[in-house]
Amino acid sequence: MILTGPQIESAVEQGDIVIRPFRKRQLAPNSYDFRLGNRCCVYTAKTLDVAKENSTRTFTIPKGGVVLQADRVYLVNTEEIMGSTRYVPIIRGRSSVGRLGIFIDITADLIDLGSINQWTLQLHAVHPIRVYPGMLIGQVTFWRTFGSRQQYKGKYAYQTSPVPSMSYLDFEQEP
């Protein structure tokens with residue numbers, strides 16, 4: 001079951017959901033609108049390899065924004081620190097951003113329990129478009145869990161966003 005806006009606000013006040021900074025005006029009927037951060041990471045090679053660590057370049061997005069090109073993936077932090085040990089967050093792009101051709105979470109919209117940090121968004125644009133730090137870019141919903149809760153302790157835990165793919169760690173090293 002999804003939490004309503006008032007339930008999200010109550011859970012933030014009780015400490016069951018973390019959203020910092022929390023701005024009440026960003027509450028929606030059943031979600032919270034979050035903002036784009038200012039740190040961006042891009043891959044430097046044209047061809048990437050899932051079995052190897054790929055080189056990246058990180059930069060700060062200036063106040064005047066950055067133009068996303070259609071042939072790239074941009075890893076950008078959220079402005080807010082968000083998460084919960086009790087509710088499962090799911091992120092989506094805001095419809096106003098989607099209508100401009102921006103995907104904010106290519107395939108990773110489910111956030112694990114206990115992942116409380118600035119999340120890494122995987123931005124992809126269908127045509128060149130300028131984005132700005134601090135703009136409203138996505139929305140997060142929070143869902144009740146059933147059964148015993150296990151907190152996330154995977155390879156992306158305790159990282160500073162944005163974090164490039166660590167898929168290479170999934171490959172077993174041969175003896």
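Which residues does Asp-33 touch, not counting residues up to four places away in sequence? Before I reply, please note that this is a predicted model, in which local features need pLDDT of at least 70, side-chain atom pairs count only at pLDDT 80 or more, and totals for chains, interfaces and linings use all residues. Residues are numbered from 1 along each chain as its sequence is written, and side-chain values use heavy atoms, with hydrogens and water left out.

With contact taken as heavy atoms within 4.5 Å, Asp-33 touches Gln-26, Glu-80, Arg-94, Leu-136, Gly-138 and Gln-139. Asp-33 is placed in strand S2, residues 32–43. Helices (H or I, at least four residues) and strands (E, at least two) are DSSP runs, numbered from the N terminus. Is Asp-33 buried or exposed? Its relative accessible area is 11%, so Asp-33 is buried; the term buried means under 20% relative accessible area, exposed means over 50%, and partly exposed lies in between, with a 1.4 Å probe and protein chains only.

Rings of Phe, Tyr and Trp (its six-membered ring) pair if their centres lie within 6.5 Å; planes under 30 degrees apart count as stacked, over 60 as edge-to-face and the rest as tilted. By this rule there is one aromatic pair. Phe-22 and Tyr-32 form that pair, which is stacked, at 5.3 Å centre to centre and with 20° between the planes. Because Phe-22 lies in the loop between S1 and S2 and Tyr-32 in strand S2, the pair ties together parts that are 10 residues apart in sequence. Phe-22 is partly exposed, at 27% relative accessible area, whereas Tyr-32 is buried, at 0%.

The loop between S1 and S2 also holds Pro-21. The peptide bond from Arg-20 to Pro-21 is cis, with omega near -5°. A cis peptide bond also joins Ser-161 and Pro-162, with omega about 5°, and Pro-162 lies in the segment after S11.

Next, the core. A nonpolar core is a set of buried Ala, Val, Leu, Ile, Met, Phe, Trp, Tyr and Cys residues joined through side-chain atoms within 4.5 Å. Which members of the largest nonpolar core touch the most other members? They are Ile-17 and Leu-123, out of 33 residues. The largest share of this core, five residues, comes from S2. Leaving aside neighbours within four places in sequence, Leu-123 has contacts that include Leu-36, Leu-68, Phe-103 and Ile-137.

Finally, the pockets. On a 1 Å grid over the protein atoms alone, a pocket is an open set of points where a 1.4 Å probe fits, with protein on both sides within 12 Å along at least five of seven lines; lining residues have an atom within 4 Å of a point. A volume is the space filled by probe spheres set on the points. The largest pocket holds about 570 Å³ of space. It is lined by 23 residues, and those closest to its centre are Ala-108, Ile-111, Thr-120, Gln-122 and Tyr-156. The second largest pocket holds about 190 Å³, and its lining includes Tyr-43, Lys-46, Asp-71 and Arg-72.
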